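Hello,

Here is the structure you will be working with. Please open it first, then read my notes below with the model on screen.

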Amino acid sequence: MENYWKKPKSRSLGVGMFTDLRVFYEALNLTNEAVNISKQTLQEELSQRVIGNIFISKVSDTAIDSLLREMKMFSWIKPITNTNVFTLTNEGKEVLTSYKKNKRHFLHTLIKKMHELYTIPGWFINRLWEINPEGQGQIIIPSPPSIKDWNPTSKKWESKEWDEVLEDQCLKSYNKIQKIDKKAFPINKEAFLKKVKERWEHLGGVTQKTVANMPKSKKSQQKDKIRTYSQRDRLTTAMKEASIHLLFSNEVPNKQTKDFEINQTILPPRIYSAWCPRLLALELIFYTDFHPQIPGRLIFPTSVFRKESCDISHFELITDVKSPNTEQLFLYQPKWEAMEKKFIEFLYTEYRKLYLKVNTLYVPVQDIRDEVCRLLRLSAERFDTFLATTFKKTITNPIGYNISLETDIREGSNQKYRRPILMNNIPYTLITVTKTQQ
Amino acid sequence: MNDLFRTVNPQPTSEQLVNKYQIFGFTRNPFPSEASVIIGGSDDRNNGTIYEPEIRTAESLKFEKLLIPSPSNIDTKSVVFLMDNATRQGRGIGKTAFLNYHKKRINYDLGASLSKGTQVLFAVYVNPDLKTRSFWGISKLIIDALIQQNIISLAMCRLRVIQGNILPEHIADVTLDNIQDTIGNDNWLKGKGLDAYSINQKIRVFLTKNGLSSDLADKLARFGANDELYTYFFSVQKDNFWRENANNILFNSFVKLFQLAGFTKGIILFDELEKIVRPQSANERRMFCEGLRYYFADGMNVQNVSSKFFETILTIHPYLQEILGGYWQSTGLERFYPLSGEIASEYTLFFESFKDIHLIIKLCAVYMRASLPDDTQNKADIDVIKPFTQDALEKAIERSSGVPGKFLAFLRYAFEKASDKELLTITGEDIENWHIEFSYRKDEEKTDDSYEELNMPQVKLKD
């Protein structure tokens, strides 16, 4: 008998509205302090958040709606009848207390709750491992080649046909990925191209969104409006949608087995986009869109399904999240003592490699982080923590290395779109790692 | 002396220099500081003086076969290629040094030994500037080189000897170094009892009768025999003049001039063709190919075509082949001088990277020998690669992908590091460690085709 994943209790509505999981804690806390709280008050009180390097001062209407919806579904809050205020349930109060005592426990609770509600967290991790078992679940979602190599002009909405230029760009990325790590995208070339073309044509058929102004023609006094689209954006979307369809459908790629009993689209592209940052915040995966060697998004799990009897000294067990063949979900959480030496060595090596390439003393810390995390399978949070500890050590207990961190956005770089590292709640974007003089 | 008015000797004497290379027995770092040959420079490590012909024996033989006519080799070609095959973009393989060496070899006796006395040859070295894109611009470059490298003055001096009936005893002591100050100098001629003015007149008439424009003939006769031609003729002309006349002057007038002066062939060593071709537009590339065909292969009333006077070797690399290939074919040049395909190898001199350790050692040794103190005994016999071990050199050439330019630059770096650390031997391990720090990727263009494989993760989450 086939073992299937549980059908999701809820569609992933509103997931992705916010990716900073502290929001949950803050909302619980505020509700607890106020005993009863209205939506408006909650919205106003939620503190400033950092997204990338852009500060936002208010949680948006849709975000607050989805936050409240989720917390309701988790059974953490309940509305008071005939009013527009909420209060904490008993479970909500317990969760709040446990966060204050043990933040890791709160994270586990969130993972459990989300898996129970949406099924996607556990299923996604398992799927990653199934796509590329040898590569420990590492996959690549292709994008067009870098903007330096291909930066086409906008096209009129009407000219929406697929052509050789698009196929060429698509193939360039595909071939590059095949050379770099072909197991990370185990999709047949023809199948991929066919799907991208299909998605491209589909995207050309929906109502246009961009409306541009045409230069004033000599004849008319009026400015004519023509509808255009960005070829690059559309191809990026088409390639992403095609890849998601091929990798994350009900059937495991290159196998006949199904994951869910009823055929349904498990992970539509928008849901995938919403889940990635959240899974990263839950420390289940790490991903980056800006790996210098990779044209596309690199994703790898920092968690794994295993039988319980394995050595779990470096893992945290998430109880109640099981795969259909009864394996348990473990987060990879290496202890600092075991990682200490390796971490600084890898940090230094990757820094040197990048320094020699770009020839500036300060390099983007995100590049270092992305590769060190990939090599050591660390979650973003682990990296930030290890870096903070290492940094402190270089000052208090000299270990032969000097680390300097700065916050600055380089001109012409993609840094403003990338998550900075956070140390003591301060974001940093640039780093140097040098050996001290003997 | 008031410090404000002090002057110093620009080159510090060897006593003044702190010689940190003494521990190895050298007077200086034996290896060049610049990435490529600077012809005419003062540093013999950089200017092509230090050269070991044995490392490119095969290439030298091919060079002679392609370009130097002799009794056993009558069928030389007009347009051939020097192809840098080691890297796609062509850097540091030793082409300029090679061309420079052959230029000196040809010019020192005007090709007498190379052609077994059957030819009178000259070689001129052309390296494009950064703004030439047109064919007339290229002709102007070649004319400039011919003047600056004293080929024109040599031709004019020869004419003086022929036309002026100058007797053998007067020219017995004339060498390439002093020719401008002797035959080329009106006062010197007067000192020998010869009438410089009437010799010049005779030459002018002679040239005009043989088809040169009277203005050009006049300038050549008056200023051509020494270095005044550049000042009084070349540099005063505006671009317009060159646009209309450069091709004609080079491929007609000058060819006639050279032939009248007794030369049988002129070899143009054309370096770094990519500097011209790369920035060209599609149209300009086409015009370049058409110009080449007209003035070398089958143009009408072109003296160079009817006499097959000029031979040129064009320095290219595979990427240039890709750019030019289409235009080369469509202008019909492919029939005359195949650029690609099977037959092209007959017209091409291939430069590959080095792997033979014995050649590497020779290359190393010739540099190191030149930096030994002058009073070293038996300098020529020493095959010194100390302080490098053979293993170190092998690793170094491997890390440099067999490209001599990179190899020498890295050896310089390694030498500096060794002298700083006072290491008496440089081992293969040192080379490996230092090469990680020594990055040479700055000037390599990363094209779309470049990729690096991802390293394997260092932890295993699942067994």
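Start with chain A. Helix H1 (residues 22–34) of chain A packs against helix H5 (residues 103–118) of chain A at an angle of about 100°, and their axes are 11 Å apart. Angles of 65 to 115 degrees count as roughly perpendicular, so H1(A) and H5(A) are roughly perpendicular to each other. Keep in mind that this is a predicted model.

Which residues make the contact? From H1(A) come Phe24(A), Tyr25(A) and Leu28(A). From H5(A) come Phe106(A), Leu110(A) and Met114(A). Sorted by type, the residues of this contact are 6 nonpolar, no polar and no charged.

Look at one pair in detail. Strand E13 (residues 315–322) of chain A and strand E14 (residues 328–332) of chain A run antiparallel and are joined by 5 bridges. Phe315(A) has Tyr332(A) in E14(A) as its bridge partner. Ile318(A) stands opposite Leu329(A) in E14(A).

Between the two strands sits the turn of the hairpin. How many residues lie between E13(A) and E14(A)? There are 5, and in this hairpin Thr326(A) takes a positive phi near 60°.

As background, side chains in a regular strand alternate between the two faces of the sheet.

**Helix on sheet**

The two parts above meet.

**Chain B against chain A**

Last, the interface. On the chain B side, 21 residues are in contact with 33 residues of chain A. Together the two chains bury about 2300 Å² between them. Of that area, 56% is on carbon and sulfur atoms. How many salt bridges does the rule find across the interface of chain B and chain A? The count is 0.

Best wishes

Definitions and conventions
Residues numbered from 1 in each chain as written. Chains lettered and ligands numbered in written order. Predicted model: local features only at pLDDT ≥ 70, side-chain atom pairs only at ≥ 80, totals over all residues. Heavy atoms only, no water. Axes fitted to C-alpha atoms, helices over the stretch in contact; angles between N-to-C directions. Helix = DSSP H or I, 4+ residues; strand = E, 2+ residues; numbered from the N terminus. Parallel < 35°, antiparallel > 145°, perpendicular 65-115°, else oblique. Contact = heavy atoms within 4.5 Å. Nonpolar A, V, L, I, M, F, W, Y, C, P; charged D, E, K, R; others polar. Pairing = 2+ DSSP bridges. Buried area = accessible area lost by both parts, 1.4 Å probe. Salt bridge = Lys/Arg side-chain N within 4 Å of Asp/Glu carboxyl O.
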